[in-house]
Amino acid sequence: MSEPLAPGSMIGILGGGQLGRMLSVAAARLGYRCHVYEPGAAPAADVAHVVTRAPYEDDSALAAFAGAIDVATYEFENVPAAALDALEARVPLRPGRRALATAQDRLDEKTFLAGLGLTVAPYAPVDDAASLDAALERIGTPAILKTRRLGYDGKGQARIDRADDATAALAAIEGAPAILEGVVPFSAEVSVIVARGLSGEVAAYDPGENVHEGGILRRTTVPARLTTARRTDAVLLAGRIATALDYVGVMGVELFVTPAGLVVNEIAPRVHNSGHWTQNGCAVDQFEQHIRAIAGWPLGDGRRHADVTMENLIGDDVFRVPALAAEPGTALHLYGKAEARPGRKMGHVNRIMPRA
Ligand code: AMP
């Protein structure tokens, strides 16, 4: 194995949201510094060593950023390809392009996952009304029309319950290249946070059970209510995905639990909201694990020492902070965002119960 990144090295993070903020804190704990690159508002700016505020299209800002860092990573998967080209020519990019390209396009992602022999929702590409009709013919209803690119937190999606909804669904996604997915009749949603190190070792956290509201993650609970066989299945398939992508870093794998087995919904090539429970449930959380992986360290101990429920504080939920702060067994993680807009993730709370 090559030498780990030297103490004091500069880690470049594309994206300065809360994930970049928590990655910067973890990097600092391991003796590194972070340089965050973010075009917009940056909760990470409060804790990073340096911040570049510039668009991803600004070649000279990107070149200066690349020249100032020792390794590049990202907390946001929709970084334009040209920006990554500019970076990759100068510094190691971890995770690499393949993972990002796969996760950026829902059609490529489904094709890749199905190619690994994993079960995904029935799907078909949609480019216009004719291909949507053909896809509906094959997949039936209920179905969900999703844009291939730039979707997150349920955005860029339209549900089709009857064939009559097709025109409205196409209008809702504004004719963007899309895929139609059959609705999976799941009993639960779970996710696996998996890490792969520079030398190829893989470690996964215990799967968490997720509840979404309005397309946004509301709550993650560990342990998930899974049989031992399913739990093993979930962890093994996440490891297979990471290895097939030659992945370095932490990745989130979202799964539907069905009577017929696990169905892979999507992968997120970054630390993941459903892994925030690890901050108070494990010796080494997902943020440190990611920094360890990209810095060439051995992966850390991610065994769960507590039962945890993570709840996102969205919009006005943040006003509950004083009451939550007084609750025993809770750990608060706030992102320093000034304005509590509806749907905005302001922080999260981990409720901890020691394992029996
Ligand atoms: P996504 O952005 O694809 O993760 O979708 C957000 C949420 O919508 C998921 O977490 C599910 O709750 C729901 N969802 C997405 N795709 C499907 C599907 N094919 N079948 C059932 N539910 C889905």
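Two strands are taken to pair if DSSP finds at least two bridges between them. Helices (H or I, at least four residues) and strands (E, at least two) are DSSP runs, numbered from the N terminus. The structure is a predicted model, in which local features need pLDDT of at least 70 and side-chain atom pairs count only at pLDDT 80 or more, while totals for chains, interfaces and linings use all residues. Residues are numbered from 1 along each chain as its sequence is written, and side-chain values use heavy atoms, with hydrogens and water left out.

The domain assignment divides the chain into domain 1 (10-93), domain 2 (122-182) and domain 3 (188-354); such bounds come from an automatic or database domain assignment. The centres of domain 2 and domain 3, taken over C-alpha atoms, are 28 Å apart.

Four strands form an open sheet in the order 5-8-6-7, with antiparallel pairing. Strand 5 (123-126) and strand 7 (157-160) are the edge strands, each pairing on one side only. On average, neighbouring strands of the sheet are turned by 25 degrees against each other, direction ignored. Axes here are lines fitted to C-alpha atoms, for helices over the stretch in contact, and angles run from 0 to 180 degrees between N-to-C directions. Strand 6 (residues 143-147) and strand 7 run antiparallel and are joined by four bridges; Lys-146 has Gln-157 of strand 7 as its bridge partner. Helix 5 (residues 106-115) packs on the sheet and touches strand 5, strand 6, strand 7 and strand 8 (178-182), contact meaning heavy atoms within 4.5 Å. The direction of helix 5 makes about 150 degrees with that of strand 5. Helix 6 (residues 129-139) also lies across strand 5, strand 6, strand 7 and strand 8, at about 170 degrees to strand 5.

Pro-122 is located in the loop between helix 5 and strand 5. With a relative accessibility of 47%, Pro-122 counts as partly exposed (buried means under 20% relative accessible area, exposed over 50%, partly exposed in between; 1.4 Å probe, protein chains only). Neighbours within four places in sequence aside, Pro-122 contacts Ile-139, Leu-180, Glu-181 and Gly-182.

In helix 3 (residues 81-88), the residues Ala-83, Leu-84 and Leu-87 are buried. They lie on the same side of helix 3, because they cover an arc of only 95 degrees around the axis; the arc is that of the directions from the helix axis to the C-beta atoms. The cover over the buried residues of helix 3 includes strand 1 (10-14), helix 2 (59-68), strand 4 (71-74) and helix 4 (97-104).

Six aromatic pairs are found in the whole structure. Rings of Phe, Tyr and Trp (its six-membered ring) pair if their centres lie within 6.5 Å; planes under 30 degrees apart count as stacked, over 60 as edge-to-face and the rest as tilted. Phe-186 and Phe-256 are stacked, at 4.8 Å centre to centre and 5 degrees between the planes. Phe-186 lies in the loop between strand 8 and strand 9 (188-196) and Phe-256 in strand 13 (residues 249-258), so this pair ties together parts 70 residues apart in sequence. Phe-186 is partly exposed at 38% relative accessible area, whereas Phe-256 is buried at 9%. The pair of Tyr-205 and Trp-277 is edge-to-face, because the ring centres are 6.2 Å apart and the planes stand at 85 degrees. Tyr-205 is buried, with 1% relative accessibility, and Trp-277 is buried with a relative accessible area of 1%. Ring pairs also link Tyr-37, Tyr-56, Phe-65 and Phe-76 into a cluster.
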